[in-house]
Amino acid sequence: MRTQVAIVGAGPAGLLLAHLLALRGIDSVVLERHTRAHIEARIRAGVLEQGTVDLLTKVGLADRLHAERLIHHGLELLFDGVGHRVPLTELAGRELTIYGQHELVKDLVAARLDTGRPLLFEAPAVAVEGVDTDSPVVRYVHNGRTEELRCDVVAGCDGFHGVSRAAASGLTVYEHEYPYAWLGVLAEVAPSSEELIYASHDRGFALHSMRSPAVTRLYLQVRPDEPLSEWPDSRVWTELRTRLDRTAGFELADGPIVDKAITALRSFVVEPMRRGRLFLTGDAAHIVPATGAKGLNLAVVDVAVLASALGRWFADGDPAGLESYSDTCLSRVWRVQHFSWWMTSMLHRAPDADPFTRRLRLAQLRYLTSSTAAATSFAENYVGLPFPEGAS
Ligand code: RFL
Ligand code: PHB
């Protein structure tokens, strides 16, 4: 098989890239290791920046999103038993959308299949070769046979555990591990608050989020090595009640837990996000801790920049966009990396933290919730900085 762009991975990055390329008349083949059912059921992100929604709308992928999403204009920071609302839209002029990543993936898969262009499930890429030549090859397994996909360009959209990053020798890796992880649950119960609640408690961080008027998404800070078996549903609810407790007016409703998983928090960046004809996007190139709700939004910016650069290159051979791809994306990635690290450090309790560090975190929370200047800076980052030029 031969195509213009071989896309490894049918997560949000790979599927959106395929769509943006098709709009420019560029052929691609998408290879996905899992089944359609698996990727459409994988519970992950829930918060979309307005820039992300604007792009999805512009390219015709947001009909169901607009019908089903929840729009948020603020969030709550809870500490010392008192909630403080941050009016995000009032401060930063943009709104946020709550729409499950797996719902978006369903929309993207349907749009791709509608075009009749190739999207292969259960087709894991096993090697990406020849990225320093002008005719790279992706080897993949499909129906028990190893196949070759020849192309002009490879887009590595295969997430943190994918294979494409390994094909790019000479990258510099920047990494930071956190001494905690998130236990996330999805519960069939109406949200107990209209907005997200980020809670900093002496027992650790907790987050109250949602997916719809009938589904709540909740997270608890846990140890990275903690087995899921230590968290029966009853313990999850008790711990959430403790950490989300406040002096006045909040009752956490519980309901059946339909998904439960522990996810490590990690900061990770490779530089550059390119090697020859291989371009890395989204989680394949960078991971941010989930506290700032930014991973999916970053992936969307990467593929918007890449699609536009590939459009210019295939149309008239202009390499300028491809040459600046990595720098353009990394500039945003590092801003978001800092924001996510800062928000994570402010809200989590490190297991070995001394009383001095705890006081610093509290001082930061008090400043953020009492100074308009501090809250505005937070809001500007949380709602998402404007997309870079050339991302469309
Ligand atoms: P993905 O989604 O991991 O997709 C990669 C795809 O590649 C496939 N794959 C392969 N396919 C073929 N051959 C191979 N060898 C392959 N190896 C892997 C995989 O099966 C998969 O289908 O990466 P992508 O597209 O870059 O998207 C990134 C986002 O998924 C990620 O950044 C977000 O989920 C992060 N994130 C959040 N981001 C937000 O913007 N807002 C949020 O509210 C938010 N909350 C979260 C999150 C991530 C979380 N977890 C579980 C990591 C909350 C959580 C708990
Ligand atoms: C979610 O709803 O999954 C979510 C919300 C906010 C975050 C992370 C995840 O910061």
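In this predicted model, His72 stands opposite Leu96 of strand E7, and E7 (residues 96–98) pairs with E4 in the antiparallel sense over 3 bridges. Strands, of at least two residues (E), and helices, of at least four residues (H or I), are DSSP runs numbered from the N terminus, and two strands pair if DSSP finds at least two bridges between them. Because the model is predicted, local features need pLDDT of at least 70 and side-chain atom pairs count only at pLDDT 80 or more, whereas totals for chains, interfaces and linings use all residues. Residues are numbered from 1 along each chain as its sequence is written, chains are lettered from A and ligands numbered from 1 in the order in which they are written, and side-chain values use heavy atoms, with hydrogens and water left out.

The pairing of E4 with E7 belongs to an open, antiparallel sheet of 3 strands, ordered E3-E7-E4. Its edges are E3 (47–49) and E4 (70–72), each of which pairs on one side only, and the twist from one strand to the next averages 35°. Strands of a sheet pair through backbone hydrogen bonds, either parallel or antiparallel.

Helix H3 (residues 50–58) lies across E3 and E7 and runs at about 75° to E3; such angles, from 0 to 180 degrees, are taken between the N-to-C directions of axes, which are lines fitted to C-alpha atoms and, for helices, over the stretch in contact, contact meaning heavy atoms within 4.5 Å. Which residues of H3 are buried? They are Gly51, Thr52, Val53, Leu55 and Leu56, where buried means under 20% relative accessible area, exposed over 50%, and partly exposed in between, with a 1.4 Å probe and protein chains only. The cover over these residues includes E3 and E7, together with helices H1 (12–23), H4 (63–68), H6 (101–115) and H8 (295–316). Just after H3, Gly60 takes a positive phi of about 75°.

Ligand 2 is surrounded by 14 residues, the closest being Tyr198, Ser209, Arg211, Tyr219 and Ala290.

The table lists polar contacts of both ligands, a polar contact being a pair of N or O atoms within 3.5 Å; within protein, one atom must be able to donate a hydrogen and the other to accept it, and residues adjacent in sequence count only if both atoms are side-chain atoms.

| Protein atom | Ligand atom | Distance |
|---|---|---|
| Pro12, backbone N or O | ligand 1, oxygen | 3.3 Å |
| Arg42, polar side-chain atom | ligand 1, oxygen | 2.7 Å |
| Gly295, polar backbone atom | ligand 1, nitrogen | 3.2 Å |
| Ser209, polar side-chain atom | ligand 2, oxygen | 2.6 Å |
| Arg211, polar side-chain atom | ligand 2, oxygen | 2.7 Å |
| Ala290, backbone N or O | ligand 2, oxygen | 2.9 Å |

Taken alone, ligand 2 exposes 280 Å², and the protein buries 97% of that; ligand 1 taken alone exposes 1,000 Å², of which the protein buries 91%. These accessible areas come from the Shrake-Rupley method with a 1.4 Å probe, and for residues only the protein chains shown count as cover.

**The strands around ligand 2**

Two or more residues of the shell around ligand 2 come from each of E13 (196–201), E14 (204–212) and E15, and the largest share, 3 residues, comes from E14. Strand E14 is mostly covered, with 9 of its 9 residues buried. E13 and E14 run antiparallel and are joined by 5 bridges, with Ile197 opposite His208 in E14 and a hairpin of 2 residues leading from E13 to E14. E14 also pairs with E15 in the antiparallel sense over 6 bridges; here Ser209 stands opposite Arg217 in E15, and a hairpin again joins the strands through 2 residues.

**Backbone features in loops**

Most residues other than glycine have a negative phi, and most peptide bonds are trans. Glu122, in the loop between strands E8 (119–120) and E9 (125–129), has a positive phi near 50°. Asn143, in the loop between strands E10 (137–142) and E11 (145–156), also has a positive phi, near 50°, and counts as exposed because its relative accessibility is 70%. A cis peptide bond, with omega about -15°, joins Glu271 and Pro272, and Pro272 lies in the loop between strands E16 (257–271) and E17 (274–275).

Methods: Near = heavy atom within 4 Å.
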